[in-house]
Amino acid sequence: MSGPASVESDVPVLIAGGGLIGLSAAMFLAQHGIPSLAVERLRGGSQLPRAAFFHMRTLEMFRSAGIEDEVREQSRKEFEPEGALIIMDTLAGKKLADIIPSLNEGVDALSPCRRLFVTQPGLEPILRRRAEAAGAKVLDGYEAVGVDQDADGVTLTAQDVETGQQRKLRGQYLLGADGAHSRIRDLLDIPFDGRGVFSNSITIYFHADLGPQLLGKQLSVVYINNATLGGFFRMDKDCKSGFLAVNTVGDPKKDPKAAADAAADISEARLIELVRAGAGIPDLPVKIDGVARWRATSDVARRFREGRVFLAGDAVHLVIPTGGLGMNSGVGDAVDLSWKLAATLQGWGGPKLLPSYEVERRQVGARNVAASRHATLGRRVWRGAYRPLIREATPEGLAARAQFAALADVEQRKASDMIGAELGYRYIGSPLIAQEGGEGPEQKFMDYEPTTWPGARLPHTWLADGSAMQDRIGYGHGYTLLRLGGTRVSTDALERAFAAIRAPLQVLDIAGAAPRDVYGYDLLLLRPDLHVAWRGNALPQAPEALAAMATGY
Ligand SMILES: Cc1cc2nc3c(=O)[nH]c(=O)nc-3n(C[C@H](O)[C@H](O)[C@H](O)COP(=O)(O)OP(=O)(O)OC[C@H]3O[C@@H](n4cnc5c(N)ncnc54)[C@H](O)[C@@H]3O)c2cc1C
């Protein structure tokens with residue numbers, strides 16, 4: 001290893017980690033006109049398709065960045081659209097329960113976007129292309145190994161993973177998006193709080209022709225439960241390759257410790273045995289492409305920030321993948337932080353803007369960690385109810401299967417249908433959000449009640465001309481004052497107050513009674529991320545105070 005060279009680059013924002021969240025942050029920053037430089041350890045991006053289930057809210061953010069269509073197209077290439085989630089004992093065996101018939105069952109009115117599946121290797125290049133086209137840079141094959149910060153900026157030491165050669169990069173801010181084993185978090189000495197490890201799981205990537213069992217069945221995920229393993233298959237569209245995630249092996253009731261340690265034996269012979277046991281085909285030809293060990297953990301970092309260094313994604317919240325909250329939470333971090341960094345760098349953001357990142361996103365991280373735990377406990381309940389009798393074509397077998405299906409319908413939905421965690425989060429106690437009397441609507445993991453209570457995401461509505469409210473507002477305008485239902489209230493004073501801070505504000509009149517009815521107020525002040533900062537039927541007594549609060553003064 002050779003010593004560090006002199007400082008050679010100076011960008012507004014450095015990013016450690018060019019995975020899903022680092023690239024998302026680079027893209028959103030670029031959308032706000034802020035260049036960044038991401039340092040990524042791998043050359044050629046992630047080859048492991050871990051995250052794939054993307055929520056409506058995440059797609060809304062991708063829509064705002066102009067990549068929704070491309071992501072959807074990629075999803076179509078890789079997966080059956082709108083596929084179902086089911087539970088089987090083996091792929092060749094019996095269906096034990098239907099969980100949801102379609103990923104988007106019952107959500108049409110809630111968002112202009114639809115949930116989808118797309119793999120990490122399919123999505124990352126889209127994020128990267130968009131970010132680079134808008135001015136971001138990615139340095140591949142470099143690992144972040146050191147951080148120093150002072151009053152003016154951050155110096156990141158990046159090391160060439162092949163030669164050991166070090167470079168010093170300078171930025172005004174640094175984002176640590178370097179995943180679950182974040183070096184940046186370690187360097188800042190920020191601990192995780194939580195419940196620790198649930199199980200040592202594995203994901204087996206393989207080639208095997210499962211077309212005869214699966215082709216034409218319109219499935220997204222097949223959960224497997226049998227005497228050998230508990231896990232799930234996610235296959236590529238041609239059903240010739242995919243992965244099997246294994247959470248438990250053997251019988252958890254007999255030996256819970258051994259059952260939770262699927263990673264104890266990852267020899268090729270054992271991996272083939274597991275794929276065959278999941279498929280239910282003892283002589284299935286299987287080619288193992290790789291295996292990833294991962295720990296099902298539910299933890300949240302104690303802090304999301306240290307001075308000029310911020311953390312996002314798996315670096316600060318570790319969810320159990322059940323329910324797909326990992327990447328989806330991280331994209332929310334990237335959106336929240338990027339407009340606040342942009343506002344600060346552009347000179348109109350107040351001193352409370354950057355600190356609000358931790359206030360707002362740590363509570364969401366903690367809630368989603370709890371939601372994933374709730375989901376996992378649900379999955380354990382139905383998995384624990386499995387009896388070999390379920391396979392039998394006898395009246396007792398049929399009755400056992402019906403009982404199992406009823407239980408799974410309730411318990412697995414805790415993971416597959418977390419609409420509240422997806423759309424219903426709101427920022428409580430944030431200095432950027434107006435306080436109203438009372439506690440506000442309860443936030444539930446599994447239920448979503450559209451609300452404009454300050455801090456919430458603006459609920460979706462379709463407008464009379466068929467456009468989505470989000471699209472009418474547009475993206476990249478800074479703040480928006482929505483004037484609804486033909487109100488004639490003057491908003492000049494608030495416009496002047498924003499102009500005095502030099503913070504961007506557009507005023508948008510939306511006629512018609514329907515949106516006014518949905519939103520319940522004549523005036524809504526929205527932040528750049530479309531969360532409600534304030535609502536009312538007339539401007540407050542001191543509009544300058546409202547503008548100052550919303551912009552972090
Ligand atoms: C089996 C499985 C299924 C999952 N399914 C879903 C799902 O359906 N939906 C969902 O939302 N989430 C899912 N997740 C979780 C999801 O994969 C993670 O939440 C997501 O990848 C986090 O993104 P990230 O960018 O924070 O971290 P990562 O994706 O881990 O990216 C971190 C990046 O930083 C790089 N890096 C690491 N250290 C350094 C360093 N020192 N210097 C430079 N670069 C570095 C890495 O190479 C990597 O590219 C799943 C996880 C697993 C294991």
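Modeller: The crossing of α1 and α9 is right-handed. This is a predicted model. Helix α1 covers residues 20–31, and helix α9 covers residues 326–345. The two pack at an angle of about 35 degrees. Their axes lie 8 Å apart.

Now the residues. From α1 come Leu20, Ile21, Ser24, Ala25, Phe28 and Leu29. They meet a set in α9 that includes Met327, Gly330, Val331, Asp333 and Ala334. Further along α9, Val335, Leu337, Ser338, Leu341 and Ala342 also take part. By class, this contact has 12 nonpolar residues, three polar and one charged.

The shell around the ligand has 35 residues. Nearest to the ligand come Gly17, Gly19, Gly179, Gly313 and Gly326. The largest share comes from α9, with four residues. By class, the shell divides into 16 nonpolar, 12 polar and seven charged residues.

The chain is divided into domain 1 (7–79 + 116–192 + 300–351) and domain 2 (458–550). Their centres, taken over C-alpha atoms, are 30 Å apart. Eight residues of domain 1 and nine of domain 2 make the contact. On the domain 1 side, α2 (56–64) and α9 each supply at least two residues. Here α9 gives the most, with three residues. That side of domain 1 has three nonpolar, three polar and two charged residues.

Gln218 has a positive phi of about 55 degrees, though it is not a glycine. Gln218 sits in the loop between α6 (211–214) and β12 (219–225). Gln218 counts as partly exposed because 13 other C-beta atoms lie within 10 Å. Arg502 also has a positive phi, near 65 degrees, in a residue other than glycine. Its loop runs between α15 (492–501) and β20 (505–510). Arg502 has 10 other C-beta atoms within 10 Å, so Arg502 counts as exposed; the cut-off for exposed is 12 or fewer.

Back to α9, then. Helix α9 packs against α1, gives the largest share of the ligand shell, and gives the most to the side of domain 1 that touches domain 2.

Note on methods:
Residues are numbered from 1 along each chain as its sequence is written. This is a predicted model: local features need pLDDT of at least 70, side-chain atom pairs count only at pLDDT 80 or more; totals for chains, interfaces and linings use all residues. Axes are lines fitted to C-alpha atoms, for helices over the stretch in contact, and angles run from 0 to 180 degrees between N-to-C directions. A crossing is left-handed if the near helix is turned anticlockwise from the far one by less than a right angle, and right-handed if clockwise. Two residues are in contact if their C-beta atoms, placed from the backbone, lie within 7 Å. Ala, Val, Leu, Ile, Met, Phe, Trp, Tyr, Cys and Pro count as nonpolar, Asp, Glu, Lys and Arg as charged, and the others, Gly among them, as polar. Domain bounds come from an automatic or database domain assignment. A residue is near a molecule or strand if its C-beta atom, placed from the backbone, lies within 6 Å of it. A residue is buried if 20 or more other C-beta atoms lie within 10 Å of its own, exposed if 12 or fewer, and partly exposed in between; C-beta atoms are placed from the backbone.
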